[in-house]
Amino acid sequence: GTGALAAAPPPPPPERRRLSGGACSGSAALSLLVLPVGEALWGSLAGELAALVGAEGLRGGAVVGHHGLRLAGVDVACEALPAALVALQDHDAVVVVELRPPARVFNSFAHGVTQNAAVSDTDVWDAGLDGSGQIIGVADTGIDLTSCYFYDGSADCDPFDTLDMDCRKVVYYNTYVDDTDAEEGHGTHVSGSAAGSCTGSGCSSDYDWNGAAYNAKLAFFDIG
């Protein structure tokens, strides 16, 4: 007979992994991936999701990837976290919910580790390889030019959509999207990691937080 040749039924889909909370102090930051919706509907959906967790609103909501999913964030009080996770994970529009751990900056360790595998080593800098005479190209979300790592006090410095080699740090800034970055923005951090160089009275004398090529200059393309 043909019974033995019949295709086996497909296996059941895996059970969806659900977050239940965990250790929490004060509040927890959640990241959400939400089904594609147009701008006209996003405002009401974001408000609905925020109300589910007792928040005033969501952060972000930008479209990410070619599928059109929206990435957003929200802070939830620890006492409300278990119920908030259940409500969000049960919502038809929410694809993924993740707990976002607090961000920590390790730039003060990175420059030593990348030079000779020890936090305090500066073998590459000591050999004169500090980015002098070089221009590093970066494309990212933006740069906060008021940061001490990029700040130029000269009134003559104007890198926006033109090359100005007299600028202390950023000699070119293509304003394809805009001419700044969000608070604690990704582009500012990346650019600082590459070539940030602190100037001003608050700077550490041993350059703890400077970038790997701190004497290089930057040509930047704002894509976000």
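This is a predicted model: local features need pLDDT of at least 70, side-chain atom pairs count only at pLDDT 80 or more; totals for chains, interfaces and linings use all residues.
Trainee: How much of the chain counts as buried?

Mentor: That's 33% of the 224 residues.

Trainee: Then why is asparagine 174 called buried?

Mentor: Set its value against the cut-off. Asparagine 174 has a relative accessible area of 15%, and buried means under 20%, so asparagine 174 counts as buried. You'll find asparagine 174 in strand β6.

Trainee: What does asparagine 174 touch?

Mentor: Leaving out residues up to four places away in sequence, asparagine 174 touches Asp161, Phe220, Phe221 and Asp222.

Trainee: What makes β6 and β7 a pair?

Mentor: Count the bridges. There are 4 of them joining β6 to β7, which spans residues 217-222. A pair needs at least two bridges, so β6 and β7 qualify. The two strands run parallel. One example to find in the structure: valine 170 has leucine 218 in β7 as its bridge partner.

Trainee: Which order do the strands take in that sheet?

Mentor: The order is β5-β7-β6, in an open sheet of 3 strands with parallel pairing.

Trainee: Which helix lies across β5 and β7?

Mentor: Helix α5, residues 186-195. It runs at about 160° to β5.

Trainee: What does α5 give to the lining of the largest pocket?

Mentor: It supplies 5 residues, the most of any contributor. The largest pocket holds about 750 Å³ of space. It has 22 lining residues, and Glu184, Gly185, His186, Thr188 and His189 are the closest to its centre. By class, the lining has 6 nonpolar, 11 polar and 5 charged residues.

Trainee: How do you know where such empty space is?

Mentor: You roll a probe the size of a water molecule over the atoms, and that shows where empty space is left.

Trainee: What is the volume of the second largest pocket?

Mentor: About 370 Å³. Its lining includes Ser31, Arg59, Gly60 and Arg100, and the classes come out as 4 nonpolar, 4 polar and 3 charged. Strands β2 (59-64) and β3 (69-77) each supply at least two lining residues, with β2 giving the most, 5 residues.

Trainee: Why do β2 and β3 count as paired?

Mentor: 5 bridges join β2 to β3, and pairing takes at least two, so they count as paired. This time the strands run antiparallel. Glycine 60, for one, has alanine 72 in β3 as its bridge partner. The hairpin of β2 and β3 has 4 residues between the strands, and glycine 65 takes a positive phi near 75° there.

Conventions: Residues are numbered from 1 along each chain as its sequence is written. Side-chain values use heavy atoms; hydrogens and water are left out. Contact means heavy atoms within 4.5 Å. Axes are lines fitted to C-alpha atoms, for helices over the stretch in contact, and angles run from 0 to 180 degrees between N-to-C directions. On a 1 Å grid over the protein atoms alone, a cavity is a set of points where a 1.4 Å probe fits but cannot get out, and a pocket is an open set with protein on both sides within 12 Å along at least five of seven lines; lining residues have an atom within 4 Å of a point. Grid points are joined across faces, edges and corners, and a volume is the space filled by probe spheres set on the points. Ala, Val, Leu, Ile, Met, Phe, Trp, Tyr, Cys and Pro count as nonpolar, Asp, Glu, Lys and Arg as charged, and the others, Gly among them, as polar. Buried means under 20% relative accessible area, exposed over 50%, partly exposed in between (1.4 Å probe, protein chains only).
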